[in-house]
Structure formats: C-alpha cells, structure tokens
Amino acid sequence: MKETNRPEDKSAAGEALPSRRGVLAGSLGFAVGAAMGGLLAAPRAFAQSTAPSAARPAGPPPPAAEGTKLVLLGTRGGPGVDLARSQSASAVVVDGVPYLVDCGYGTVRQLVASGIGIQRVSTLFLTHLHNDHTSDIAALLSLQWTGSKTAPTEIYGPYGTARLVEGAIAFFRGDVEIRTVDEGRNAPPESLYHGHDVAATVAPTQVLKDERATVTAAQSEHFLERARSQMPHRALAYRIETKQRSIVFAGDTPYSKNLVELARNADVFVCEVMAQSVYDLQMARAKANADAGNANSVARHVAETHSTPAVVGRMAAEANVKTVVLNHQLPAARVPGGVDFAITNFIDGVHEQFAGEVIVGQDLMVL
C-alpha cells in the first residue's frame, strides 16, 4: 500500500493541524511547478499568488512544458462563497495546453494565480450546470475577448451548454458594442465562443480527440431518476487520456456504475466528497422537511446526490484506480458552530474500501 494522508493532530482549540501528507502534497506542488519550466507559477510566485492581498505581477504566457499535470483550481463544494477556496474547477495541462473542467466562481483568478492564465484556455468541459460549476464562464469569455484572444474557445457539457454560452455572450454584449465603436474591435464573440451539448450516455462516449488528449464522458447520478424524469438536464463525468496519464473527473455524484466503468484502471480519480457528518445532518433535515410536506428539499438533494468518503472508496476500489484526489469538499470550510470535521474523516472513510493513495485536494495544488 502506498503512503497516504495520515490522521492529523488537533490543536487545543480543536482545530485540525496540517497533515503530513498535506505538507508533502504542497511541497510536491512547488516542486512540480519548478520542474515544469514555468508552465505554472514558479515556487515564489505560487506562494505569493495564494495570499489574498499579494501582488500578482503581469508577464508573458509561460513557456510550454512536456507531460500531463493536474492543477486543482477550486476545491470548494457547493454554491456558497468564501475566502479560503474557490468553487469547482480543475485543469489538465498537457504539453503546456490546458483543458479546463468546470468553471465555478473564482476560476478566472485561479487561472492567473496558477500561471496558466486565461488566454490559453481554449477547451472547457462542464460536468453539469449548477452555478458553483459555471459562474465564471461569462467572466472568462468576456475577459478573453477584451484580451484579444483570436483562437476559438469550445465549451462542452450536458444539455443546456450551448444555451449557457449564448447567455454568457449576451451578458457582455453591451461591452462588445461599446468597444467595437470606441476601440475599433471587430471580432464578433459568436465566431469565437461555441457551446456544445454532449449526450449523456450510460457507456463512455468520445467527446473530443486531438493530438494531445482523448476525452470520453458518461452520465453520472448527480440528478437522480426522480429529477431526470421531469427535466432534460443531466450530469456528466469525464475521462481525459494522454500519452502519460489517465485522469477521471467524477463531477458531483453519489455511487454510479457508469462512473466506475468510465474510471476503470485510471491513474487518477478526481472525486467529490461529503463528510459522513454532513450526510447524517442533511438526512435528518430531509426527513424533517418531508414530514412538513416538502419532499424535494435542498437537504434531500445534498444527502442523496453526493458521495460520502466510503462511497468514494467503493467506486475507486471497484474501478481499480491508482490514486484518489478529493475535491468539491463538503463541508467547504470550518464554520464556528458548524459541523465538526477533520481531514482525517475524509481519508479514513475512503480507506475503508480503497487501499491506494488518497490526496485531499487544496486550491492551486499541482499533481
């Protein structure tokens, strides 16, 4: 068995101290950033970029690097906003070219902080259309346009993605009209930004293939049958295969046979996680809501459509993946008076059924 995150100590105040694995993972991120020859920020710039008030000096795009790196841009679970973590977003950087998966609030800043930047993003995959996975799309496209990006940006996702991109363009239509007259710009956004609705299939289906990567997708279970029967919206999981690695993004989902098949023998399994204590609390709230006549409550959705650590471990074991990386973490932050939890709750829960490496993701971590 590989060495994994081990249970962390707690301070006298009951707050979890950084785990040994977390420190090692952070060191790995710094080392990888340096080894990539500037693809991501160098260690010193990386450290500066994580401080909220630190200056981020502008510069030319970093040079391309060889290999496949996973960059966690946002690991916060849920639609709330806090200062500790950004909402869901990750990038797979292949030979210097980023493939973005989800684009929740804070993604644009995290792209800059990571050294990837926004102008090199030309391919984006959405797991589903909840706003904690899409909120920065309009900002990304708008800022690409004012930054004079000439290469198209293609956005792939489930039903509604093409309409979402049209809406994003409509959001900055006024800016386009003003700058076209006042600054002489002449690139219509419709010629640059294209949304593609991807069919949600049970079996893995190819979405994209280019000289660097092959991307396949399958339907996940974030929207259960009780919801799917009343709407066309679906949720997707993605597998990105490169010459060096296979990386699977579960998106938001409870246990999913489709996802297990998609993740079969993958090198890295990036999966959401909900603490068991959160699940128990939401189930109790869902029951109370149901007793009061509200069957389809927020609490029921949270409890039934996300994965506890044990469920993550079950899927990882059945798929025979090598490494689990936990993102979209619930609870998203330690809140005074809120649910008590420590990182070890995630790790030990996954290890109940999975014997491989487990990494608890942090924003701007490089793997």
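A residue is called buried when its relative accessible area is under 20%, exposed when that area is over 50%, and partly exposed in between, with a 1.4 Å probe and with protein chains only taken into account. The structure described here is a predicted model, in which local features need pLDDT of at least 70 and side-chain atom pairs count only at pLDDT 80 or more, whereas totals for chains, interfaces and linings use all residues. Residues are numbered from 1 along each chain as its sequence is written, and side-chain values use heavy atoms, with hydrogens and water left out.

The protein chain contains twelve helices and 14 strands, these elements being DSSP runs numbered from the N terminus (helices, H or I, of at least four residues; strands, E, of at least two). Of its 367 residues, 52% count as buried. The accessible surface of the protein chain, computed by the Shrake-Rupley method with a 1.4 Å probe, comes to about 15,900 Å², and carbon and sulfur atoms contribute 55% of this area. Among the contacts (heavy atoms within 4.5 Å) in the protein chain with a separation of 6 or more, 68% join residues 24 or more positions apart.

Residue N258 is located in helix α8, which spans residues 257-262, and it counts as buried because its relative accessibility is 11%. When neighbours within four places in sequence are left aside, N258 is in contact with T201, V202, A218, Q219 and E221.

Side chains of opposite charge can pair when their charged atoms come close. The structure holds 16 salt bridges, a salt bridge being a side-chain nitrogen of Lys or Arg within 4 Å of a carboxyl oxygen of Asp or Glu. In one of them, R76 is paired with D82, with 2.6 Å between the closest N and O atoms; R76 counts as buried at 12% relative accessibility, while D82, with a relative accessible area of 21%, is partly exposed.

A further salt bridge joins R173 to E190, whose closest N and O atoms are 2.1 Å apart. Since R173 belongs to helix α6 (residues 173-182) and E190 to the loop between α6 and β6 (193-197), this pair ties together parts that are 17 residues apart in sequence. Both partners are partly exposed, R173 with a relative accessible area of 28% and E190 with one of 40%.

The side chains of R264 and E261 also form a salt bridge, at 3.1 Å from N to O, and here R264 is partly exposed at 32% relative accessibility, as is E261 at 41%.
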